[in-house]
Amino acid sequence: MRDVSIIGIGQMPVGEHWDLSIRHIAHHAIDAALKEAGTEQVGALFVGNMLSGNLLQQEHLATLIADFSGLRNVEAAKIEAACASGASALRIGYMAVASGMHEVVVVCGVEKMTDTSGGSTTAGLATAADAEYEAAHGVTFVGLNALIMQRYMYEFDAPMDGFAGFSINAHRNGARNVNAMFQKPISLDTYLNAPMIATPINIMDSSPICDGAAAVVLAASEQEGAYVTGHHPGAVRILASSSANDTIALHDRKDPLFLEAAYVSSQKAYLQGGVTPADIDFFEVHDAFTIMTALSLEATGYARRGEGWHLAADDAIGPDGRIPISTLGGLKSRGHPVGATGIYQVAEAVQQLRGEAGQGQIADAAIGMTQNIGGSGATIVTHILGG
């Protein structure tokens, strides 16, 4: 297997792009990534997306985007793994290059969520749950996370405001990201007075509905010199790529308060990358809900069971903390266009490792980790990146 590098990135600012179609926002990101990589010749396009068929009545999405982007006669496939679709597509692209099946691959994550009513979008997101045993009974995706958070607070005596630091940190960091949907810090009072969505989850515990697209170009590391020339900002290597699954339904899990797939995928990634949690300089968590942030930090080795929320209270997750997370806003402030999120995480990690994160730059960042979660923890993909 060959080492794989990211030689180009592209991002569409996250927001409500009512004047653009899904093909337009995907093309924006792909075009920017290919221009940065300095190539128009790719062997494949892999697209991470969850909801195009459900919300837009558009399947055959990867071929549609390839056609619109001028990538004719290449392999094109859509990868769907709920909210982990983006990182899952990246993993497919990584394996395609690592195996030698392709020399250069572009991976795009894209989602268009604001063209439908809130009820339709909520119903679409619920398809990430077990249709027969969860969704059929009316449970929403936020409802599932609310159940997890309620149980966590009960089991570990965590206060309601114990999760506030996760949102405050994300918005503080997102204010430094030109691609973020929300570019304004929030206060503790803002968090405490936010309207409830599904008790105990309030608006400030939850990421927003939005549109977005991000893309990366992959090439074999041994050939990156052919692309990284002149004013190119430099390549970043994928040190590890790992995926693991758990049950889709919460009631089938041995312990609904432990993200076993996060533990398994991160352990595999640490082993593949030859690193430990202490070697990671920053961690792009999947903070779709603040409870998921706490559970992710516990499953990946940064906190003991039931103590993940303490990292937020102690500000250990800030830019100068023990493990900086959501360094450019995360899902909470940058936004969570579900199929695109995993690629935004990786693109932002590349920015950090190239020293291009502006005011959000983590000092001396050399190794970064991203983790993309599908469903309520059923599919979890971990990537570790380095110079």
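How many helices and strands does the chain have? Here are some notes to read alongside the model.

1. **Overall fold.** The chain has 13 helices and eleven strands; helices (H or I, at least four residues) and strands (E, at least two) are DSSP runs, numbered from the N terminus. With a radius of gyration of 19 Å, close to the 21 Å that the globule rule gives for 387 residues, the chain is as compact as a globular protein of that length. That radius is taken over C-alpha atoms, and the globule rule is 2.2 Å times the number of residues to the power 0.38. The C-alpha trace spans about 55 × 45 × 40 Å along its principal axes.

2. **Ground rules.** Please keep in mind that this is a predicted model, in which local features need pLDDT of at least 70 and side-chain atom pairs count only at pLDDT 80 or more, while totals for chains, interfaces and linings use all residues. Residues are numbered from 1 along each chain as its sequence is written, and side-chain values use heavy atoms, with hydrogens and water left out.

3. **Two domains.** Domain 1 covers 4–117 + 209–236 and domain 2 covers 140–179 + 241–386, with bounds from an automatic or database domain assignment. Their centres, taken over C-alpha atoms, are 22 Å apart. The contact (heavy atoms within 4.5 Å) takes 38 residues from domain 1 and 34 residues from domain 2.

4. **Buried area.** About 2700 Å² is buried between the two domains, and carbon and sulfur atoms give 67% of it. Buried area is the accessible area (1.4 Å probe) that two parts lose on being put together, summed over both. Gln11, Cys83 and Val236 are worth a look: they supply 25% of the area that domain 1 buries against domain 2, more than any other three residues.

5. Across the interface the rule finds one salt bridge (a side-chain nitrogen of Lys or Arg within 4 Å of a carboxyl oxygen of Asp or Glu). The elements giving two or more residues to the side of domain 1 that touches domain 2 are strand S1 (4–11), helix H4 (85–98), strand S4 (104–111) and strand S7 (212–220). H4 gives the most to that side, with seven residues.

6. **Backbone points to check.** Most residues other than glycine have a negative phi, and most peptide bonds are trans. The bond from Thr199 to Pro200 is cis, with omega near 10°; Pro200 lies in the loop between strand S5 (196–198) and strand S6 (201–202). His60, not a glycine, has a positive phi of about 55°, and is found in the loop between helix H2 (52–56) and helix H3 (61–68).
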